[in-house]
Amino acid sequence: MQEFEKTISFGGRDIHLRGGLLAPQAGGAVLVQSGETAVLVTATRSAGRQGIDFLPLLVDYEERLYAAGRIPGGFLRREGRPPERATLICRLIDRPMRPLFPQWLRDDIQIVATTLAMDEQVPPDVLAATGASIAVLLAKIPFYGPMATVRVGLVGDDFIINPTYKEVETGDLDLIVAGSPDGVIMVEAGANQLPEADVIEAIDFGYEVVQDLIKAQLELIKELGIEIVTEHEPETDPTLATFIEEKTAADIKEVLKQFSLTKPERDEKLDAIKAELVTAVDALEDENPIKVAVAENGKALGNTYKSVTKKLMRQQIVADKVRVDGRQLDEVRPISCRVGLLPKRVHGTGLFQRGLTQVMSVATLGTPGDAQMMDDLHPDEEKRYLHHYNFPPYSVGETRPMRSPGRREIGHGALAERALVPVLPSKEDFPYVIRVVSEVLSSNGSTSMGSVCGSTLSLMDAGVPITKPVSGAAMGLIKEGDEVRILTDIQGIEDFLGDMDFKVAGTDTGITALQMDMKITGLPLSVIADAINQAKPARLHILEKMLATIDAPRAELSPYAPRLISFKIDPEMIGMVIGPGGKKIKAITEQTGAKVDINDDGTVTVSAIEGEKALQAKALIESIVFKPAAGDVFVGTVTRVIPIGAFVEFMPGQEGMVHISQLADYRVAKVEDEVNVGDEVIIKVREIDGRGRVNLTRLNIHPDEAAAAREAAALR
């Protein structure tokens, strides 16, 4: 391909595109740069495989720490398994791209985005997503694009496009909008309890820029003489679909109208209809074209039966406005909540159930040393709130090997984490590291929002002083021509048959997280606004049920949760507390059983299961960093004796000298006549000289001062 360069300007930002130079054997490749952040995105297509009935799209996002001038940590000193943020960026690229490929396409397609350079101003994720669209167009892969992605921030009262890391951190909104020529196709957002109207306005603001980026892509491929590939769908024999619909439609409709059926009961009846269909096909003559088609493609009958079932379900919802379980379009399934289900050794538990979806979230409180250290390109170096989501096979009545978390588990965990971060107490007010694990015990749709609700319950049960409880609901949509039906609290079968999965989480004040994915090529903003507004009463209804179970965080932590004490010391005194080779801090830990964490800014956090142990460790540290003043009285121990006086340790690691003339109110001939090494003495700080030396005395100490010094020493 010929080399090209193009600059796109929008919203005060520039994106520079360069192609034809790098990765010449990839199907399509483009270097996308903004500021000093540069991402190489490639798209490659290979021949289709036999026997698959899905689009084998693979999206990879690769981070290279050299992009930020860093060397990886660990023993190997090279990048290994992608960190969670990289996995989330893979999903961010995949989700808006996948619906824009033809549903019939079966060729292997791989998109690889590699961050080659990065500053701390421009996040690479939205550049990679937009670059994926350009790379696919350059590769001439069938595609209903272009697609573009932008980030919208809110700083003060102003929306800004593609904000910097710092602007995202200090702002009240981090929203990503992806769109196609047909409308918005993906939304991902974290917000600081913003009203619905503000979020809708932000999406509209972002999509306007998305349209500009789409226009720029169209101009680029026109300049390069490339046309968007629109291969025709291979012709299929309609005979099989007609046969299946004639044989099963009446029975399927009958099952769909039995609203009292549970999910397993409905699945059993639909499977029975399918079994009768298989028998009917087997009874056909061998030369029958239907039997031949089924024999040639083993998945044809099952896939076509699913398509017929999906079509009839959609027709029922669009025409009758009644769902398969008999609910109205805006009705939430029955809800139950419980807290404190597990013993108190578990710090906090929340069990949330909506219909057949059941999630148990467990909260654990840790010390600052338990924070997750991040070894990726993001400027944040640690996380103090962790949310992990597990989806075992038994939750859907299946069996399969259980491996490490997949992209779905990581994505759902990140969504629930984002939803709760805005209501967590500050590190200064609550210095604990918090981990919540959501175990999906039963799944029938909307488990991510069940995780949000269960996590809120578990945090309150653990005594975490969240500012407001958070609930969430998953919205669905069915679009047939001009007819649109928005569904509240979708279950699994509605996710399968619908065109949208839109998750909305927030408090009674506003939205904290959004995630919208499409199965069609885009939606107008008006429909998205309707979905957001319809989600609000559902969220509030769910929140009411949660608050009926626990209406505020518990006043006390679990007796097994660590007790933390946080205080500040002079950063210059950190070395004194740690001691040579960590000797002093190790001694404090061994003596008290407490754990001590010290930050570079002088913040000290002491933790212990027993509060008294934490207080004891705090007192020892304070004694080390204590700066005495003239007139202070202490109980000290004589450490050395010299001809002109005695050295006394009056605080751990702090010594002063009592001159021989200050040992008694009479003339002392020899120091050893008054004190010896190991003696306990009451002393007063006489002065601190210009060189910082502490001069002590045993004279003019009032009995009350001596008594107070003995009490303070006993506490230490």
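Buried means under 20% relative accessible area, exposed means over 50%, and partly exposed is what falls in between. Keep those words in mind for the close-ups below, which come from a predicted model.

**View 1. K568 and D601 meet in a salt bridge.** The closest N and O atoms of this pair are 3.5 Å apart. K568 belongs to strand β22 (residues 563-568), while D601 sits in the loop between β23 (595-598) and β24 (603-608), so the contact ties together parts that are 33 residues apart in sequence. How exposed is each partner? D601 counts as partly exposed because its relative accessibility is 42%, and K568, at 54%, counts as exposed.

**View 2. R539 and E196 link two helices through a salt bridge.** Here the N to O distance is 2.6 Å. R539 lies in helix α12 (residues 525-549) and E196 in helix α4 (residues 196-223), so this pair ties together parts that are 343 residues apart in sequence. Both ends are tucked away: R539 is buried at 1% relative accessibility, and E196 is buried too, with a relative accessible area of 6%. If you go looking for salt bridges elsewhere, a search of the whole structure finds 39 of them.

**View 3. E417 pairs with K383 in a salt bridge.** The closest N and O atoms are 2.9 Å apart. E417 comes from helix α9 (residues 407-420) and K383 from strand β15, so the contact ties together parts that are 34 residues apart in sequence. E417 counts as buried at 14% relative accessibility, and K383 counts as buried at 16%.

**View 4. Strand β18 has antiparallel partners in β19 and β20.** Take β18 (residues 471-480) to start with: eight of its 10 residues are buried, so the strand is largely enclosed by the rest of the structure. Seven bridges join β18 to strand β20 (residues 500-506), and G476 stands opposite D501 in β20. Six bridges join β18 to strand β19 (residues 483-488), where R485 is the bridge partner of I478. β18 and β19 also make a hairpin with two residues between them. One to spot in that turn is G481, which has a positive phi of about 65°.

**View 5. D489 has a positive phi without being a glycine.** Its phi is near 55°. You'll find D489 in the loop between β19 and α11 (492-497), where it is buried with a relative accessible area of 1%.

**View 6. N700 is another non-glycine residue with a positive phi.** The angle is about 55°, and the residue sits in the loop between β29 (694-697) and α16 (703-715). Buried or exposed? N700 is exposed, with a relative accessible area of 72%.

**View 7. A cis peptide bond runs from G145 to P146.** Its omega is near 5°. P146 is in the loop between α2 (125-138) and β7 (148-155).

**View 8. Four acidic residues make a negative surface patch.** Which residues form the patch? They are E120, E169, D380 and E381. D380 sits in the loop between β14 (372-373) and β15 (382-383), and it is partly exposed, with a relative accessible area of 36%.

Definitions and conventions: Residues numbered from 1 in each chain as written. Predicted model: local features only at pLDDT ≥ 70, side-chain atom pairs only at ≥ 80, totals over all residues. Heavy atoms only, no water. Patch = residues over 30% accessible without salt bridge, like charges linked within 9 Å, V, L, I, M, F, W, Y side chains within 5 Å. Areas by Shrake-Rupley, 256 points an atom, 1.4 Å probe, with all protein chains shown as cover. Salt bridge = Lys/Arg side-chain N within 4 Å of Asp/Glu carboxyl O. Lys, Arg positive; Asp, Glu negative; His and termini not counted. Charge placed at Lys NZ, Arg CZ, Asp CG, Glu CD. Helix = DSSP H or I, 4+ residues; strand = E, 2+ residues; numbered from the N terminus. Buried < 20%, exposed > 50% of the residue type's maximum accessible area, 1.4 Å probe, protein only. Pairing = 2+ DSSP bridges.
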